[in-house]
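Look at how two protein chains can meet. The paragraphs below go through the meeting surface step by step.

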Number of protein chains: 2
Amino acid sequence: MASTRENQKEKAEKFRALHSPGRILILPNAWDVPSARVFEDSGFPAVATSSAGLMVSLGYADGESIPKDLFLSAVGRIAGALSVPLSVDAVAGFGDTDHEIESTIKSIVEAGGIGINIEDYNHYSGTLLPVEKAAQKIKFIRKLGEKLDIPIVINGRTDAMSHGTGSADEKLKEAISRATAYRDAGSDCVYPMGLTEAASIEIFVKELDFPTNVMVRRGLPHIRELERLGVARVSFGPAASYATMGLLKRASREVIDEGTYDSLTNGAITFDELNKLASPRNQQ
Amino acid sequence: MASTRENQKEKAEKFRALHSPGRILILPNAWDVPSARVFEDSGFPAVATSSAGLMVSLGYADGESIPKDLFLSAVGRIAGALSVPLSVDAVAGFGDTDHEIESTIKSIVEAGGIGINIEDYNHYSGTLLPVEKAAQKIKFIRKLGEKLDIPIVINGRTDAMSHGTGSADEKLKEAISRATAYRDAGSDCVYPMGLTEAASIEIFVKELDFPTNVMVRRGLPHIRELERLGVARVSFGPAASYATMGLLKRASREVIDEGTYDSLTNGAITFDELNKLASPRNQQ
């Protein structure tokens, strides 16, 4: 286990070093073993989980309704199949007390994760957590990483732009103010969910002056433009899950309505390629 | 549980009735909850699992190396999310003895499956099972279904065309002779893996004069042509897994090489649509 811990420390440090404005980190979010392995094989230097993608694949809506053990076993399978660092979307930490948060984060690290997303949305009440409480979670996780001797890379996410109040401008201000608190609480990166427009991204990044994560959505600026705006990291979020389910819908319509299989066979991988995705790349 | 058993009997009978030459059953193979739910929503009257798709999604190559409990829990999640009948690829039954086969099939039925695929390939030795032994498995499962009072729909698969010996013609003859034995042992449908050419399909179906399953592959004749040839059922096999992994490869290349996200956003479903795929359709 000592070597595993050393290996995890190295991965955490490697992952943290990938967050530098000016050289954007493109971070794909996977939900199972083969999606994660395709991303590693494609050359991404790290992989993350998508909470929605992973949970729905197991039959639970995004949030904290999935049994934690089921969530953690999926994280463990994905981490075990990768040789690059894995960051795990821990939603709001599966709990409110220090004890619950500690249990969640320790389990994620034990499952092989070296980075986490932690958000300020309370899935039980359907409202934003008070900013002090959300910042406190981040401080606590930072200390926990020191205790575990794993320099966990913390992505402090605020849902103010979707769940805040007031006009779009007021929500952006709230996101900036919350992200500032999460930055000061010890995050390595901040993540204003829903920030997609170049003008708002520019304001946000200038105000924060800190590694910022944006998510792929239709209309998100080009990677080079994000880089110019100073964005440190762009993640897929659940986009790849949305895309694959869209493909299944099209393929279904094609075979039912047209009687052909082009959507299933064009650009598809082979049986041997699929099987190779089942095991770690470095064991092949 | 009585109502569940009645419900399963009805599903098995409904699924069996879908096997009638002249009106082809298009059977999509899923590997997790949302892939299965997209297929049900698309209007397919039944769904099957893909052994390769399901196993690789959990980090195991196709075959019988996956822990049986992990396999069964995935089957249970998929069955629980569907209201249409679910047929389960049981590979070679996860064992050789009657006791092992009984345990596997009972567990699949308890997990919610009402149909099974059983193949004549020995995953441990890498060779075809003796035909008598494979037919005996089918007879045993037929009797087991009666004992369980669930009229399990058995798809007897032969791998003679890929793992048999001799010329293509000899392999086709071997597939016909094996499938005849599986038909006579009590299968509801026979499945000559690798049968894709119209001429061979025609010979096979005429010889068997029995519901026959073919699998989607590049070059498989059009659905209407399969119907004309008397094919009773066409299944996706792992084709949808191959296609979705191909999409992830293209999307990865696009974002890395081009800096754009079209493969991720074009034709994609939404967050709300993804979340709805997490739970049974009849509970929404």
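What follows describes the interface between the two chains and the confidence scores of the model.

This is a predicted model, in which local features need pLDDT of at least 70, side-chain atom pairs count only at pLDDT 80 or more, and totals for chains, interfaces and linings use all residues. Residues are numbered from 1 along each chain as its sequence is written, chains are lettered from A and ligands numbered from 1 in the order written, and side-chain values use heavy atoms, with hydrogens and water left out.

The mean pLDDT (the predictor's confidence in each residue, from 0 to 100) of chain A is 95. In chain A, 98% of the residues reach 70 or more. The model has an ipTM of 0.97 and a pTM of 0.97.

Together the chains bury about 5,500 Å², with 69% of it on carbon and sulfur atoms. Buried area is the accessible area (1.4 Å probe) that two parts lose on being put together, summed over both. On chain B, Tyr242(B), Met245(B) and Tyr261(B) supply 12% of the area buried against chain A, more than any other three residues.

There are 2 salt bridges between the chains, each a side-chain nitrogen of Lys or Arg within 4 Å of a carboxyl oxygen of Asp or Glu. One of them links Lys249(A) and Glu273(B), with the closest N and O atoms 3.3 Å apart.
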